[in-house]
Amino acid sequence: MKDFSLKKVIQWLGMVLRCPVCGHKYDVKNTRVLDSERDEFYNEAWALIHSDCGKCKSSVMFNLEIHGPEVFSVGMVTDLTASDGQKFNRLSPIQANDVLAIHQELKTFEGDFVSSFDK
Ligand SMILES: [Zn+2]
């Protein structure tokens, strides 16, 4: 991607985005790129970004997509740390069988977490 710099995009985001909880401006120092991809042929890029608010300490993760001159971003408040975000980003999505297994387990769950995790 010609003249593309994810660092510049992060700096721009730091100037325009504010914490959805307290309204404090994001600080680039507290912002990390957890994952990213570039496609120079189509002039596109994608990044998963995590940022901690310097004032209220809440966290936000957002998905950033760049298609030529257009930038799209969707964010959400999260209780995940940046390392949690990296960990769960690498895992496979939850499947229907995972949900069914939890449902079956909860049918007989009597409140003892220690014995449940020993199984
Ligand atoms: Zn905040």
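**The hairpin of S2 and S3**

Tutor: Strands S2 and S3 make a hairpin with six residues between them, and in the turn Lys 57 has a positive phi of about 65°. The model is predicted, with an average pLDDT of 86 over the chain and 96% of the residues at 70 or above. Confidence is lowest in helix H1 (residues 6–16), where the mean is 77, and highest in helix H3 (residues 96–108), where the mean is 93.

The chain holds four helices and four strands, and from the N terminus their order is α-β-β-β-β-α-α-α. S2 covers residues 44–52 and S3 covers residues 59–67. The two strands run antiparallel and are joined by nine bridges.

Now the turn. Lys 57 sits in the loop between S2 and S3, and Lys 57 is not a glycine, yet its phi is positive. Is this residue buried or exposed? Lys 57 has 11 other C-beta atoms within 10 Å, so Lys 57 counts as exposed, the limit for that class being 12 or fewer.

The largest nonpolar core has six residues: Ala 47, Ile 49, Val 60, Met 61, Leu 64 and Ile 66. S2 and S3 are the elements that give two or more residues to this core, and S3 gives the most, with four. As a general point, nonpolar side chains in soluble globular proteins tend to be buried together.

Take Ile 49 as one member of this core. Ile 49 stands opposite Phe 62 in S3. Leaving out residues up to four places away in sequence, Ile 49 touches Thr 31, Val 33, Leu 34, Met 61, Phe 62 and Leu 64. Met 61 and Leu 64 belong to the core too.

S3 also has a partner on from the hairpin. S3 and S4 pair in the antiparallel sense over nine bridges, and Asn 63 stands opposite Val 74 in S4. These two strands form a hairpin as well, with two residues between them, and Gly 68 there takes a positive phi near 60°.

Leu 80 has 17 C-beta neighbours inside 10 Å, so Leu 80 counts as partly exposed.

Last, the chain as a whole. Its radius of gyration is 19 Å, whereas a compact globule of 119 residues would have one near 14 Å. The C-alpha trace spans about 55 × 40 × 20 Å along its principal axes. Of the 119 residues, 11% count as buried.

Note on methods. Residues are numbered from 1 along each chain as its sequence is written. This is a predicted model: local features need pLDDT of at least 70, side-chain atom pairs count only at pLDDT 80 or more; totals for chains, interfaces and linings use all residues. A nonpolar core is a set of buried Ala, Val, Leu, Ile, Met, Phe, Trp, Tyr and Cys residues joined through C-beta atoms within 7 Å. A residue is buried if 20 or more other C-beta atoms lie within 10 Å of its own, exposed if 12 or fewer, and partly exposed in between; C-beta atoms are placed from the backbone. Two residues are in contact if their C-beta atoms, placed from the backbone, lie within 7 Å. pLDDT is the predictor's confidence in each residue, from 0 to 100. Two strands pair if DSSP finds at least two bridges between them. The radius of gyration is taken over C-alpha atoms; the globule rule is 2.2 Å times the number of residues to the power 0.38.
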